[in-house]
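Trainee: Could we go through this one together? I'd like to start with its pocket and then move on to the packing.

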Amino acid sequence: MERIAQVIRVRPEKLAEYRELHAAVPEPVLARLRASHIANYSIHLLGDRLFSYFEYHGADLAADLAVLADDPATQEWWKLTDPCQERVPEARDGEWWAAAEQVFLME
């Protein structure tokens, strides 16, 4: 199992919309996440930063994320959520959500 943590900025004027969208995530989007071996997915808010965490239980994260990105339901979902978000300065080229480094783990 691989733990993934990421950060992105929520546009303050879109925060209410972002909350509303995530109060009712479409089941096909959730099903695709599960089929991509993603579990325990959560998003947290602090100020204008969103922090996501999920656990990946597959063998090839890049391949599963590529399948996820090609999914029509997910693409429609991202058309709604992406305008609410903005990359953080720490994001690398090509990253939308910036990968966060794990510095501590207690199991």
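Trainee: Which residues lie nearest the centre of the largest pocket?

Mentor: Keep in mind that this is a predicted model. The largest pocket has a volume of about 820 Å³, and 30 residues line it. Those nearest its centre are Leu33, Tyr41, Leu68, Trp78 and Trp97.

Trainee: Nice. Which element gives the most to that lining?

Mentor: Several elements supply at least two residues each, among them α1 (15-22), α2 (27-35) and α3 (61-70). By class, the lining has 19 nonpolar, 8 polar and 3 charged residues. The element that gives the most, with 6 residues, is β2.

Trainee: How are α3 and α4 oriented to each other?

Mentor: Good one! The contact is made by Leu68, Ala69 and Asp70 of α3 with Pro72, Thr74, Gln75 and Trp78 of α4. The axes are 5 Å apart and the angle is about 75°. That angle falls within 65 to 115 degrees, so α3 and α4 are roughly perpendicular.

Trainee: What geometry does the aromatic pair of Tyr41 and Phe54 have?

Mentor: A search of the whole structure finds 1 aromatic pair. Tyr41 lies in β2 and Phe54 in β3 (residues 49-56), so the pair ties together parts 13 residues apart in sequence. The ring centres of Tyr41 and Phe54 are 5.4 Å apart. With 70° between the planes, the pair is edge-to-face.

How values were computed. Residues numbered from 1 in each chain as written. Predicted model: local features only at pLDDT ≥ 70, side-chain atom pairs only at ≥ 80, totals over all residues. Heavy atoms only, no water. 1 Å grid on protein atoms, 1.4 Å probe; cavity = no way out; pocket = protein on both sides within 12 Å on 5 of 7 lines; lining within 4 Å. Points joined across faces, edges and corners; volume = space filled by probe spheres on them. Helix = DSSP H or I, 4+ residues; strand = E, 2+ residues; numbered from the N terminus. Nonpolar A, V, L, I, M, F, W, Y, C, P; charged D, E, K, R; others polar. Axes fitted to C-alpha atoms, helices over the stretch in contact; angles between N-to-C directions. Parallel < 35°, antiparallel > 145°, perpendicular 65-115°, else oblique. Contact = heavy atoms within 4.5 Å. Phe/Tyr/Trp six-rings, centres within 6.5 Å; stacked < 30°, edge-to-face > 60°.
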